[in-house]
Amino acid sequence: MKIALLGYGKMGRYIDRLATEDGDEVVLRIDADNRDTVTVAQLQTADVVIEFSRPDAAVANIEWVLSAGVPVVVGTTGWLEQLPQLTERVTAANGALFWASNFSIGVNIYFSAARQLAAALRGQGYTATIEETHHTEKVDAPSGTALTLAEVVEEVLGHRIPITSHREPDVPGTHVLRLRSPIDTLELAHTAHSREGFARGALAAARWLRERKGVYTMRDLLGTD
Ligand SMILES: NC(=O)c1ccc[n+]([C@@H]2O[C@H](COP(=O)([O-])OP(=O)(O)OC[C@H]3O[C@@H](n4cnc5c(N)ncnc54)[C@H](O)[C@@H]3O)[C@@H](O)[C@H]2O)c1
Ligand SMILES: O=C(O)C1=N[C@H](C(=O)O)CCC1
């Protein structure tokens, strides 16, 4: 698979290393410094673009890749309120977009477990809260993963879930869902030990998206609920 990396920071570089080990070819490495010099024709040399940049750059980047007619896998967080408009554009362009606030398989199973736990406790007097901790370079808060987790649990419990964010050096990503009643507290946690799960998931999504049209996320790839 020929891959263009759009955003070449911590995630772009990690994906580059794993893709090369897997025998894929990284044909373009684009970051803030060379973005304006890259042409649509160059983008079209890739089978798929993997985008991990910044919240304020993601939407323009997705539109640019769509205009090139190349499938795009997006890991950047902090832009998802614009997904409905982008979905319309993907459909109109007969394009392909795969987005996920978190590409790790563990987190996506964790979302399912959170849904099941919340459903089992519904009506039993429990109130949910979420805490997330990430590295100090992260520009958005709350994390995209925490927002997705809140959405999943809110669907079941029907009340808004407060999220507390912490920033500490070198933390790849920790999320805790807490369900508290006057009697006891249940906690469901996910701790990433490195960025490997995010990078492997993004590569799996790229391989999966290549021959498809439309808008997808990890539920589609993994078949989770
Ligand atoms: N979905 C997931 O599984 C997942 C996992 C990790 C990180 N992320 C998200 O991915 C994004 C990137 O994370 P990171 O840790 O690699 O960040 P980073 O700061 O290390 O790297 C960002 C890169 O984007 C580049 N960039 C900035 N503006 C750009 C533009 N207009 N066009 C192209 N590139 C541009 C920068 O030059 C840099 O190379 C963040 O939003 C983060 O929250 C998502
Ligand atoms: O390092 C980051 O930034 C991460 N961003 C995603 C999020 O916002 O949830 C996924 C975890 C790592």
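Over residues 1-103, the chain is 36% helix and 21% strand, with its end C-alpha atoms 19 Å apart. Helices (H or I, at least four residues) and strands (E, at least two) are DSSP runs numbered from the N terminus. The stretch 1-103 carries the UniProt annotation "domain: Dihydrodipicolinate reductase N-terminal", from an unreviewed entry. UniProt positions follow the numbering used here, feature names are shortened, and annotations may be inferred rather than shown by experiment. The model is predicted: local features need pLDDT of at least 70 and side-chain atom pairs count only at pLDDT 80 or more, while totals for chains, interfaces and linings use all residues. Residues are numbered from 1 along each chain as its sequence is written, and chains are lettered from A and ligands numbered from 1 in the order in which they are written.

An open sheet of 6 strands runs in the order S2-S1-S3-S4-S5-S10, with parallel pairing; two strands pair if DSSP finds at least two bridges between them. At its edges stand strand S2 (25-30) and strand S10 (214-216), each pairing on one side only. Neighbouring strands of this sheet are turned by 20° against each other on average, direction ignored. Axes here are lines fitted to C-alpha atoms, for helices over the stretch in contact, and angles run from 0 to 180 degrees between N-to-C directions. Within the sheet, strand S4 (residues 72-74) and strand S5 (residues 96-99) are joined in the parallel sense by 3 bridges, and Val-72 stands opposite Leu-97 in S5. Helix H3 (residues 58-68) packs on the sheet, where it touches strand S1 (2-6), strand S3 (48-51), S4 and S5, and its direction makes about 165° with that of S4. Contact between two residues requires their C-beta atoms, placed from the backbone, to lie within 7 Å.

The unreviewed UniProt entry places the feature "binding site" at Gly-75, Thr-76, Thr-77, Ala-100, Ser-101, Asn-102 and Phe-103. These positions span 29 residues in sequence, yet no two of their C-alpha atoms are more than 11.3 Å apart, so they gather at one spot. Two of the annotated residues can be followed further. Thr-77 sits in the loop between S4 and helix H4 (83-92), and Thr-77 is buried, with 25 other C-beta atoms within 10 Å. The scale is simple: a residue is buried if 20 or more other C-beta atoms lie within 10 Å of its own, exposed if 12 or fewer, and partly exposed in between, with C-beta atoms placed from the backbone. Leaving out residues up to four places away in sequence, Thr-77 touches Pro-55, Ser-101, Asp-140, Ser-143 and Gly-144. Ser-101 belongs to the loop between S5 and helix H5 (105-121) and is likewise buried, with 23 other C-beta atoms within 10 Å.

Strand S6 (residues 127-134) and S8 pair in the antiparallel sense over 7 bridges, and Glu-131 has Val-176 in S8 as its bridge partner. S8 and strand S9 (residues 185-191) also run antiparallel, joined by 7 bridges, and a hairpin of 4 residues connects S8 to S9. Arg-180 stands opposite Thr-185 in S9, and the bridge partner of Thr-174 is Thr-191.

In a regular strand the side chains alternate between the two faces of the sheet. Strand S8 (residues 174-180) has a covered face of His-175, Leu-177 and Leu-179, and an uncovered one of Thr-174, Val-176, Arg-178 and Arg-180.
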